[in-house]
Each structure stands twice: as C-alpha cells, then as structure tokens.
Amino acid sequence: MRVWIDQAECTGVGACVDACPQLFVVDRSDGLAYIETGGLRYGSHQPAPIDPALLESVIDAAEDCPQDCIFIDDAA
Ligand code: SF4
C-alpha cells in the first residue's frame, strides 16, 4: 500500500498529523503537509510506502482530510 498527498489542495490544517503523526508532518515554512518515512520526505504526488501497522491511522488521515487530498492505493 502507498499513500500520497496532492499538495495543490492542502491547506496545512494538519488533520493528517493528528490522525497519524508517525507519517505526516506540516512544514511551517510552506504550510504544506508532507509524508516522512524511512528517512525520506515525500512531497506532492510522491507515493510513500505504508507500514502495515500504520494503515488504519493512514486511512483515518485520508478520511479526516478536509480537502480530500490524501490518496491511498494498493500498488507495491
Ligand atoms: S489533512 Fe489534508 S489539507 Fe490538512 S494538512 Fe493534511 S493533507 Fe493538508
């Protein structure tokens, strides 16, 4: 499973961080959400792998995002 953000729609409110702080961050310098995992930072439209242990909270983040700009797919 992979997750990615469309930063063009992100308003930086941070509901994703509330739901899954292990994966999502909001960068104060640009006010946008990013995904951080495995020592890497993923920006707009950059799919990041999901640790299976975090899948439920990542789904919560996508459901809670007011902009509906968090996407999950089942690609490897
Ligand atoms: S919840 Fe959505 S709109 Fe809010 S910071 Fe996260 S990705 Fe951006």
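Me: What makes Gly31 stand out in the hairpin of β2 and β3?
Reply: Gly31 takes a positive phi, near 70°, in a hairpin that leaves 4 residues between the strands. The model is predicted, with local features taken at pLDDT of at least 70, side-chain atom pairs at pLDDT 80 or more, and totals for chains, interfaces and linings over all residues. Residues are numbered from 1 along each chain as its sequence is written, and side-chain values use heavy atoms, without hydrogens and water.

Me: Why are β2 and β3 said to pair?
Reply: Two strands pair if DSSP finds at least two bridges between them. β2 and β3 have 4 bridges, in the antiparallel sense, so they pass that limit. In one of these bridges Val26 has Ala33 of β3 as its partner.

Me: How do you know that β3 and β4 pair?
Reply: They are joined by 3 bridges, again antiparallel. Glu36 is bridged to Arg41 in β4, and Ile35 stands opposite Tyr42 in that strand. The two strands also form a hairpin with 2 residues between them, where Gly38 in the turn has a positive phi of about 60°.

Me: What makes β2 and β4 edge strands?
Reply: The open sheet has the order β2-β3-β4 with antiparallel pairing. β2 (24-27) and β4 (40-42) are edges in that each pairs on one side only. Strands here are DSSP runs of E with at least two residues, and helices are runs of H or I with at least four, numbered from the N terminus. Neighbouring strands of this sheet are turned by 40° against each other on average, direction ignored; the axes are lines fitted to C-alpha atoms.

Me: Why is Ile35 called buried?
Reply: Buried means under 20% relative accessible area and exposed means over 50%, with partly exposed in between (1.4 Å probe, protein chains only). Ile35 has 0%, so it is buried. Its place is in strand β3. Pro21 is 14 residues away from Ile35 in sequence and 9.7 Å away in space, C-alpha to C-alpha.

Me: Is Pro52 buried or exposed?
Reply: Pro52 has a relative accessible area of 70% and is therefore exposed. Pro52 lies in the loop between β5 and α2 (55-64). Pro52 and Met1 are 51 residues apart in sequence, and their C-alpha atoms are 8.0 Å apart.

Me: What is the order of the open sheet that contains β1?
Reply: That sheet has 3 strands in the order β5-β1-β6, with antiparallel pairing. β5 (48-49) and β6 (70-73) are its edges, each pairing on one side only. β1 (residues 2-5) is joined to β6 by 4 bridges, and Arg2 stands opposite Asp73 in β6.

Me: Which residues surround the ligand, and how many?
Reply: There are 13, the closest being Cys10, Thr11, Gly14, Cys16 and Cys65. A residue counts as near if one of its heavy atoms lies within 4 Å.

Me: How many residues of the shell around the ligand are charged?
Reply: None; the shell has 9 nonpolar and 4 polar residues. Charged covers Asp, Glu, Lys and Arg; nonpolar covers Ala, Val, Leu, Ile, Met, Phe, Trp, Tyr, Cys and Pro; the others, Gly among them, count as polar.

Methods:
Axes fitted to C-alpha atoms, helices over the stretch in contact; angles between N-to-C directions.
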